[in-house]
Amino acid sequence: MKTAQAPHRSAAAPPATPGPRPAGRAAAAPLRRRLSHQARAYGFLLGGLICFALFSWYPAIRAVIIAFQKYTPGSAPEWVGTANFTHVFDDPEFGAAWRNTLTFTLIALLIGFAVPFVMALVLNELRHAKAFFRVVVYLPVMIPPVVSALLWKWFYDPGAGLANEALRFLHLPTSNWTNGADTALLSLVIVATWANMGGTVLIYLAALQGIPGELYEAAELDGANIWQRVRHVTVPQTRFIILMLMLLQIIATMQVFTEPFVITGGGPENSTVTILYLIYKYAFLYNDFGGACALSVMLLIVLSLFSALYLRLTRTDD
Amino acid sequence: MIRRTPAVGTPAVRTPAVRTLVSPLALASTRGRTLYWIVFGGVVLAFVLAFLFPVYWMASGAMKSPDELVRTPPTLVPGTWHLSAYTDAWDLMQLPTHLWNTVVQATGAWVLQLVFCTAAAYALSKLRPAFGKVILGGILATLMVPAQALLVPKYLTIADLPLIHTSLLNDPLGIWLPAVANAFNLYLLKRFFDQIPRDVLEAAEIDGAGKLRTLWSILLPMSRPVLGVVSIFALVAVWQDFLWPLMVFSDTGKQPISVALVQLSQNIPLSVLIAAMVIASIPMVLMFLVFQRHIIAGISTGSTKG
């Protein structure tokens with residue numbers, strides 16, 4: 001038992017009676033002291049513990065339970081076995097939502113990894129206005145996501161939207177952006193990347209600054225040109241951070257909701273319905289909490305795999 | 001050796017030269033310097049276009065007249081400057097109410113998080129409660145569970161709290177209490193407390209200070225940096241959140257600004273909506289500009305250390 005650990009106070013106040021202890025009395029005093037110490041410790045823990053129990057642990061268990069129930073608020077839940085899973089499975093939106101979520105994650109990974117990395121690489125070489133670049137790249141992160149989404153919704157407007165105006169200005173063909181079933185998802189990835197890339201760039205920059213300059217010098221002496229230096233020094237030296245950020249990004253983008261909800265409403269033709277959006281629809285539009293929880297459990301299982309991988313990698317590196 | 005040679009006037013001179021991808025020697029040549037300034041100018045231009053211009057477009061768009069706003073090709077600078085969209089947004093969309101709601105929700109979440117997370121982190125770090133490791137494990141495990149995926153059961157919990165059967169829907173408590181269950185912030189605090197030597201605290205206790213007193217007058221003053229980081233994270237998280245307040249507040253009068261913006265965006269003139277978007281962004285952007293050094297340093301160092 002954990003209580004066996006001596007309260008650290010006893011080091012400061014050693015037991016008054018040395019020598020062989022009379023079992024009954026001497027054991028009782030530390031026990032009482034230990035109990036009061038424990039009571040105090042739990043007093044400090046209590047508030048946090050209750051909140052974690054109510055809003056983290058209990059909902060996690062409940063998601064699994066409700067996934068197997070027919071649940072309507074106000075009436076007694078009813079066990080239905082795997083019926084929720086089968087009817088969610090038969091929903092044509094289910095396949096679309098997974099496909100969209102995975103495509104979104106994949107494109108966001110390609111763009112959201114490559115762009116910030118190249119950006120950090122270039123920024124790290126610039127000797128001037130360092131603070132300016134850092135502030136400017138992080139500015140969109142501080143703009144509320146809802147505002148970014150509404151802002152880009154306006155940019156993507158087929159009429160007077162800035163996106164098509166920019167294309168016209170460059171004499172390029174205009175695009176349907178979020179109004180085309182084939183371009184909608186990509187348009188949303190652009191919004192998400194614009195809004196979130198600041199943090200990634202800053203983290204890459206910090207990682208790049210940790211690379212010892214000697215490595216570049218040595219590579220240069222060996223006749224490596226700039227691309228070879230990136231490939232054989234920069235990338236291997238930052239590989240761990242890159243991998244971490246990729247996993248975190250996968251976990252974050254698979255839970256995308258605000259952009260499709262605000263900008264496209266899941267359309268056109270269900271091309272931007274994501275899993276989290278579908279969960280929201282089941283719960284608040286169809287009033288089917290069992291189906292929503294069944295979907296949540298599926299998303300949970302997939303994402304937990306990535307989380308477990310992340311934790312494993314960070315732990316082995318310590 | 002090479003890094004100590006840049007001649008006066010080269011770009012590398014102004015900052016202590018740290019060897020990066022491109023050698024200072026290459027930058028010292030005329031060709032290198034020209035190339036550097038071309039790249040520098042290109043990056044500045046790209047950054048201004050990509051990140052500042054959209055923000056400018058938003059702030060200036062709200063000052064255009066409604067028909068100038070939808071004109072093609074658009075005007076770069078408003079022909080005439082109107083502030084009416086801003087005043088309309090303020091009145092029509094009841095922005096003061098929604099901003100106040102957001103402030104109440106964010107402040108309460110911040111205070112409760114500081115109080116309960118600090119106390120719990122102190123207990124876990126210094127008081128060695130029975131089953132402390134198990135509890136910490138349980139808390140860290142929630143980091144693995146994606147928060148958004150559990151929103152629906154969390155909503156059902158809020159709607160009907162176990163045992164006391166009270167609903168926290170349409171109540172700021174529905175934002176405040178779940179915000180306390182923030183494993184990331186609690187872990188940040190605990191890790192910081194772990195680094196403070198036990199002797200310091202024991203010295204205070206020998207002098208007769210109780211646990212609460214030790215926490216308040218010894219530990220917290222030593223923890224200012226981490227408290228700052230946690231405060232910023234807590235405030236920003238609530239201010240930016242959308243899906244959770246969307247679920248909690250069905251009552252329009254109690255919605256925070258993010259939810260209200262989306263709910264009202266359908267039936268409001270475009271210029272008024274854009275003005276409201278600008279107003280909604282100002283508090284966070286201001287906070288960022290004031291604390292930018294801390295925020296950027298926090299992200300850069302905190303993340304690489306894991």
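## Helices, loops and a chain-to-chain contact

Asn270(A) is found in the loop between α10 and α11 of chain A, where helices are DSSP runs of H or I with at least four residues, strands are runs of E with at least two, and both are numbered from the N terminus. This is a predicted model, in which local features need pLDDT of at least 70 and side-chain atom pairs count only at pLDDT 80 or more, while totals for chains, interfaces and linings use all residues. Residues are numbered from 1 along each chain as its sequence is written, and chains are lettered from A and ligands numbered from 1 in the order in which they are written.

Let's stay with that loop for a moment. Asn270(A) is not a glycine, yet its phi is positive, at about 60°. Pro268(A) also sits in the loop between α10 (258-264) and α11 (275-284) of chain A. The peptide bond leading from Gly267(A) to Pro268(A) is cis, with omega near -15°.

Now for the helix pairs. The table gives the angle and the axis distance for each; axes are lines fitted to C-alpha atoms over the stretch in contact, and angles run from 0 to 180 degrees between N-to-C directions.

| Helix pair | Angle | Axis distance |
|---|---|---|
| α3 (92-125) and α7 (184-209) of chain A | about 40° | 7 Å |
| α8 (213-221) and α9 (226-253) of chain A | roughly 160° | within 10 Å |
| α5 (95-127) and α8 (173-180) of chain B | about 30° | 8 Å |

The crossing of α3(A) and α7(A) is right-handed, a term used when the near helix is turned clockwise from the far one by less than a right angle, with anticlockwise being left-handed. Their contact has 21 nonpolar, 7 polar and no charged residues. Here Ala, Val, Leu, Ile, Met, Phe, Trp, Tyr, Cys and Pro count as nonpolar, Asp, Glu, Lys and Arg as charged, and the others, Gly among them, as polar.

The α8(A) and α9(A) axes cross at roughly 160°, which means that α8(A) is roughly antiparallel to α9(A). On the α8(A) side, the contact is made by Leu215(A), Tyr216(A), Ala219(A) and Glu220(A), and α9(A) brings Arg229(A), His232(A), Val233(A) and Gln237(A). By class, these are 4 nonpolar, 2 polar and 2 charged residues.

In chain B, the angle of about 30° makes α5(B) roughly parallel to α8(B). Residues of α5(B), including Gln105(B) and Phe116(B), meet Ile175(B), Trp176(B), Ala179(B) and Val180(B) in α8(B). This contact has 8 nonpolar, 3 polar and no charged residues.

How many residues of each chain are in contact with the other? In chain A there are 90, touching 85 of chain B; two residues are in contact if their C-beta atoms, placed from the backbone, lie within 7 Å. Helix α1 (residues 23-66) of chain A gives the most to its side, with 21 residues.

Finally, an unreviewed UniProt entry lists residues 99-291 of chain B as "domain: ABC transmembrane type-1"; such positions use the numbering here, feature names are shortened, and annotations may be inferred rather than shown by experiment. That span is 76% helix and 0% strand, and its end C-alpha atoms lie 21 Å apart.

Methods
Parallel < 35°, antiparallel > 145°, perpendicular 65-115°, else oblique.
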